[in-house]
Structures are given as C-alpha cells and as structure tokens.
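Hi everyone, thanks for making time. I'd like to walk you through a structure today, so let's get it up on the screen.

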Amino acid sequence: MTWILFILFSVVATGGAVGVVTGRNPVASLLFMVATLASVAGIYVLLEAHFLAAVQVIVYAGAIMVLFLFVIMLLNLGHDYQADVKYGLWFLLAFVVAGLTAGALTMGFSDAEATGFGDVAAGEAIDAAVLEKGAVGAIADPLFTDYVVAFELTGLLLLVAVVAAVALAKPRNRRGTDAG
Amino acid sequence: MNHFSTFWFVVIGAIKVLAVFTVLMVVVAYMTFAERRVSAFIQDRLGPNRVGPQGLLQPIADGIKNILKEETMPATASKFYFLLGPALAITPALVTFAVIPFAAPLPTPWGTVDMIVADVPIGVLYILALSSLGVYGLVLGGWASNNKYAFLGGLRASAQMVSYEVALGLSLVAVLLLSGNVTLTEVVAKQQALEFWFVFPLSLAFIFFMVSAFAETNRLPFDMPEAESELVTGYHTEYSAMKFSMFFIAEYAHVVTASALMATLFFGGWDVPFWTGDDMFYHQGALIRGFDAAGAPIPATPTVLVTLLTLASFCAKTAFFLLLFIWVRWTLPRFRYDQVMHLGWKVLLPAALIYIMLVAGTMLVLDQLGVPFGFRYGLALTGVSGLATLAFLFVADRDRIIGGAHKKRAGRRLPAETSAS
C-alpha cells in the first residue's frame, strides 16, 4: 500500500519537475511545480513527517506559488517564451552541475546503504516525542527552546529581505497608483 | 486510533468516505434550495415551491437541468485550464471535511469506530493547507476564460483569500493555544474538559474566524470576486451548465465545511451541551471519559445512542451556521474592494496578533497561579476575552452604535478619497 503510494508520488513529483523546465507556458510550468510540491508533501506524509507536509503545502503550494501566479498573470508573461538555457557553455555547465549533484547523491546513498538507512535509536526517539507531544509539538518544542536563537535569526533575515524588497519597489509605486 | 487490521481499516475508511461524501453533496444540494427559500422569506417572496412538496425536489430538477444544458466554450479561452478551473475549485472544498469529527466514537461488533474520516495528526494545519489550494481553481478559471471581468474576478478572489488566510490562521492560533494540540478530536475533548465551549473563553477569536470564514468562502458581504454590479459575475462569467454549477457546489461545500469548523472549533463539535455523559477521548490509546480524583483514567463505554445524540448535536450546530451564512448574505450589503483589504490587513491582522498575546499571557498567569484546566480556568479566560471583544467592537464600530452617531471622528477619510487626490 505504502509502496504503491510512494511510486505514485515519486512519478508525479519527477514528472512534474520535468514539466516545470520543459513547459512552454509559464502558467503550465507553475501548475507542474504545484503538482511536484504536493507530491513531495505526499512523500513526507508517507515518511510520517506530517507537519513538514502541511507546511510544505501551506507555504510553498498555497502561498508562494499563488504569488508567482499573480506575477505571471499580471506581467502578462503567459504567451511569450524564450529559452533561457541556450546551447553552448551554459548547456554544458548545466550538465556538469547535474552530473555532480547526481554523483553526490549516489555517494550519500551508498554510504547510507553501507551503514543501514536511518538511525534506529534516533527514529525511536522521534516516535516517542511524537507520541508524547503530538506531531507539531515534537518539532515546535526543540525549535523554540534549543534552537530559538537560530530560529529568530532566520526570521530577522527574512524581515531584512522583506524590507529590502519594499525599499527597492517603492519608487515605482509613486506614480499615483493605488497600492491598496 | 487504528485498532483494526489493514483490511478492515480500508473497508471502514471507504464506508466513511462514501457516507460523508454523499451526505455532504446532499447538504450542498439542499443549501442551494434553502438559500432560495430563505432569501425569499427574507424578501417577503415565496421562492421555488412548485417542484415536489414545498419545492423540496427543486435541487434535483436543477441538477438535471445543469447536466442537460449546453456547455459553451469561449472561442479564445485556453481550453485545458478552462476545464481545470472548476475541478481544482471543487476538490479542496470537498476533501477538507475529512478531518472534522462529526460524532462520538461508534461501538460496532468489530471494535470502536471513530466518527471522523481521517484523524490526521496535523488536523487544523491540513485544513489550512487545503484552503490555501482552493485559490487555484478560481484564479485559473478567471484567467483561462480570457475575459477581463472573469480575470479581475479571479485576481480579486486570490487576493482576498490570501489576505484572509492570515487572519484565519491567526484566529486559529488562539484555539490551538488553549487546546494544546492541533487535531480536531483533541479540540473537542478539551472543550469538554474545560466545561466551556471555546466561543466563550475565545470570543474574539471566534469573531475573527467567522469574518475570515465569510471572506474565504467568498460569500457576501465579501463576494468581491463575483460582484455582479461591477464584474458581471466575476470568475465564472464564461462558464455554463455543469461547469458553472461546479463552482457553486464548491462554494456551498466550502460553506458547509466552514460551518462545521465553526461548530467544532468554537461550539464544542459533537458535544451535547450541559451533559457529561458524552465526554470521551483517547488517552494513551484507551478511550476514557475523564480522570477520577486520584488522577486515574475512568474508561468510557461508547453506545449507539450517544453516537446518535452527538451526531444530532453536531448537525444542529452546523445547520445553525449554514442558516447564518444565508441570513448574512441576504441582510448585509457588499463591501467595497478597498474596504475588504483594509479590514483584512489593517484591522484583523494586528488585532488578532494582539489577541494572541493576550490569550497567551492570560494562560501563562493562570498556569503560574496553578489554576487547574477546568471551569475556573475557562471563567477567567472568558472574562478577559469578553473585555477584549468589547474593546475591539468599540474600536471597530467607528462610533456608530456604542459611541452614538453624533460623535463623528474628525479628519477620517476613506482610502478611496485619499488615493484619488
């Protein structure tokens, strides 16, 4: 049962990812991306990482992709398409990077295969934490106690990015258009 | 809780899915009928009363009509996305109901069956995730129609849903703080333990949630996406027959889910008021009804009667909110678009943030004082929330009812005026 679902989600995720880069229409690419993100969320659920799956859908599929959709539709990018990866040096470079990534992943997996997938003791500790605090509490508890400084710093970084984006975008909005 | 083997789990799951889906579709069909009859009642008309007794067969006639009608396809529409729109709109609206518990566990000869389709560990987050996906159907439908009114409607729908999702999520935070867990079964159990429905200790959160729910379902007074006076009918202008109908099924399914959610989160779910015989929840895998004085769990014995009573209680609460949705639609006028955005971002968002701090602070003080989670705990929170609600209504009321109409605030200009200058 789990196996069938895993294959289904993996196929959709991979197929969607291929669709994102090969699609001619930006809106099609975006929908492929949403399908990929949703399938990855499905795989998270199969791994019993429910919280991660929910956040993946809420933040990426639900919020960020909707924002992308806005941008694509409002800038009217829906009809023109130009290949941004041209044959030549970039094409070669893309192959090299893809090959290196694949190599790194293979090495990582072969290492894991030698030592056995996953740390059983750590897995049991996670199960115990989930049973005690619930799926969200098991993540929230360490996040807001042990790692709170890192968490807040990340938040600050995002805030800086938002302020920077607003500062960069501001002069363009002064021409009497209603920002609301 | 899964006490069953995989086979029985699948069989019981399938039965529950079928039952809930069927009931949901029937309720949706009769919502359209109820809407027309109630609106007629409000406007002193009769409404559809010709098909069957009191017009009760009207939804069936409508369904047959919609299936048999000609499907039009606008010549300039992007065909695939045009077809995808209604499908994407209806799916999230239907599957959200899966995590709502609708009755106390039912005893069967094969074991106790939970009256919920899928008790996922992330409960409320699942609902937020799916409601955030609901935008795609509307915005794609509007965009693919290749019609400026439909496009504007789709854009408005997505802007509005994205905005109010924030307020919706923040109003839920208060509920999650008090229930200490995100699953809806736990939310119901905590309301029984507190001896207070959350609408009292979290009254302001309920107001925020209700307003956001109206906005999320695109119902009046927030039906900007289909504002007839400005946008023909918004994102579904170009749709006809069953595809048009699917947008409406999606909207009503959303309304039903939102009503059930309000009943579950703030009105005790399937809890029967003033009766503790229905209290039962899972504690370390065993179904119990509470703890005795020594702190030992008292096992609960679910009965069919209790299940039926709690189901009736849940249905009654949901039905009330369904009626409220219709009632509001035919009573209040539509907001202006900038007012919708103003309310979402400048009123609900900061107010909800302040309210979360207030609830968290109160809970911290109560925990420090060692007040046990029960009646007194709820009473204290009710007092604090009541004051917060009064303060919020006083500020949000713009001096009209509480402050009196004569006390107009000087220098207050509408956003539309300032932008025009």
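**Where the two chains meet**

Let's start with the interface: chain A and chain B bury about 2100 Å² between them, and 82% of that is on carbon and sulfur atoms. Please keep in mind that this is a predicted model. Chain A puts 23 residues into the contact, and chain B puts in 22 residues.

If you'd like to find the contact on the screen, look on the H2(A) side for A:Val27, A:Leu30, A:Leu31 and A:Val34, and on the H4(B) side for B:Tyr136, B:Leu140 and B:Trp143. Sorted by class, the residues of this contact are seven nonpolar, no polar and no charged.

The next pair is helix H3 of chain A, residues 50-74, with helix H5 of chain B, residues 148-179. They pack at an angle of about 150°, and their axes are 11 Å apart. H3(A) and H5(B) are therefore roughly antiparallel to each other, since an angle over 145 degrees counts as that. The crossing of H3(A) and H5(B) is left-handed. Here A:Val66, A:Phe70, A:Met73 and A:Leu74 from H3(A) meet B:Phe151, B:Leu155, B:Ser158, B:Ala159 and B:Val162 from H5(B). The class count for this contact is eight nonpolar, one polar and no charged.

**Inside chain B**

Let's move to a pair within one chain. Helix H6, residues 184-194, and helix H9, residues 241-266, both belong to chain B; their axes come within 8 Å and cross at roughly 45°. So how do these two lie? H6(B) and H9(B) are therefore oblique to each other. From H6(B), the residues B:Leu184, B:Val187, B:Val188 and B:Gln191 meet B:Leu261, B:Thr264, B:Leu265 and B:Phe266 from H9(B). That contact has six nonpolar, two polar and no charged residues.

**Salt bridges**

Last topic, charges. Over all chains, a search of the whole structure finds seven salt bridges. One that I'd like to show you pairs B:Arg219 with B:Glu35, where the closest N and O atoms are 2.9 Å apart. B:Arg219 sits in the loop between helix H7 (203-216) and helix H8 (228-231) of chain B, while B:Glu35 is in helix H1 (residues 6-42) of chain B, so the pair ties together parts that are 184 residues apart in sequence.

Note on methods: Residues numbered from 1 in each chain as written. Chains lettered and ligands numbered in written order. Predicted model: local features only at pLDDT ≥ 70, side-chain atom pairs only at ≥ 80, totals over all residues. Heavy atoms only, no water. Contact = heavy atoms within 4.5 Å. Helix = DSSP H or I, 4+ residues; strand = E, 2+ residues; numbered from the N terminus. Nonpolar A, V, L, I, M, F, W, Y, C, P; charged D, E, K, R; others polar. Buried area = accessible area lost by both parts, 1.4 Å probe. Axes fitted to C-alpha atoms, helices over the stretch in contact; angles between N-to-C directions. Parallel < 35°, antiparallel > 145°, perpendicular 65-115°, else oblique. Left-handed = near helix turned anticlockwise from the far one by under 90°. Salt bridge = Lys/Arg side-chain N within 4 Å of Asp/Glu carboxyl O.
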